[in-house]
Amino acid sequence: MTDQPGVPHVSAIGDAAVPPVADRAAFQAELDRLRIREKAHTREGDAIAAARRRLPMVEIDPRTPLSGADGPVPLIDIFDGRSQLIAYFHMWHTGRPAAEQCEGCTFNTSHVTEPAYLHSRDVSYAVLAEGPYEEAARYREFMGYPVPWYAVPPASVDRLIADRYFGILVCYLRRGDQVYETYWTTGRGNEAMAPSYGLLDRTVYGRQELWEDSPEGWPQRWGSQGGQFQLDGRPAAQWPRIRAGRDDDLGAMPDGWTACSCPLHTGPPPGATD
């Protein structure tokens, strides 16, 4: 288990520039002008959602095997009896410690904690992790995620990923014994999972990321290549778990698996053997 750390280092904004001060009437007048654009944005979002509901769909093998706590489980069982399923495909770095697991996937997954509202619409939700179930299950326990987790064995990757990559959000429809894919997205499309960004977008300094169009003197401290999801060398959402004393040891790499050798990792993980 990682030693108990202090509070992760987050520098204060300090003496950043601030907006001009106005009286209440002038402030409200500017906000009312902005509200027109916000409402147009909302209506356009409604129109895009309507177009999503009119997309065609692709049939998926309902018996595609996944790995769960009790061994192999077919994709159709992940619906848990419901007609729809939203699945997030979590990237995984096999054999690497918790601190080196995908910061973006951790950011996305950490926000989805209450599926009751999805269930009320006959929709299930699950995380489908790349890599061995044993490691993913320990990560789920460390993070305290309440939603179901499964792993995608190598033989099932092509059937579900289909020339894409892990880090995608996919929607499925079940009709009897048949399963169909109805939508998928990735990148900034996954921001629908993470209300932190929507809330930050409403603050005066926004996300504080380098790409944002902000006034001169506004703090812009984060890049957009993964560092925006990290604090002190690990995904930011891990720190509350570490401070609470949770064990982040993911155990030994399961037999038959090879340690991740993606470009993010130039050397072997701690304790790895040939």
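Before the count, a definition: rings of Phe, Tyr and Trp, the last by its six-membered ring, pair if their centres lie within 6.5 Å. This is a predicted model, and by that rule the structure holds nine aromatic pairs. I will go through two of them.

Start with Y139 and W149. Their ring centres are 6.4 Å apart and the planes meet at 55 degrees, so this pair is tilted. As for where they sit, Y139 is in helix 4, residues 133–143, and W149 is in strand 6, residues 149–152. The pair therefore ties together parts that are ten residues apart in sequence. Are these two residues buried or exposed? Y139 has 0% relative accessibility and counts as buried. W149 is buried as well, with a relative accessible area of 3%.

Now the pair of Y205 and W218. This one is edge-to-face, with 5.6 Å from centre to centre and 75 degrees between the planes. Both Y205 and W218 lie in the loop between helix 6, residues 195–200, and strand 9, residues 230–231. They are 13 residues apart, and the pair links distant parts of the chain. Y205, at 13% relative accessibility, counts as buried. W218, at 14%, counts as buried too.

Last, charges over rings. Which ring does the charged end of R164 sit over? That of W184, at 4.9 Å from the ring centre. The charged end of R234 sits over the ring of W239, 5.4 Å from its centre.

How values were computed: Residues numbered from 1 in each chain as written. Predicted model: local features only at pLDDT ≥ 70, side-chain atom pairs only at ≥ 80, totals over all residues. Heavy atoms only, no water. Phe/Tyr/Trp six-rings, centres within 6.5 Å; stacked < 30°, edge-to-face > 60°. Helix = DSSP H or I, 4+ residues; strand = E, 2+ residues; numbered from the N terminus. Buried < 20%, exposed > 50% of the residue type's maximum accessible area, 1.4 Å probe, protein only. Lys NZ or Arg CZ within 6 Å of the ring centre and 35° of its normal.
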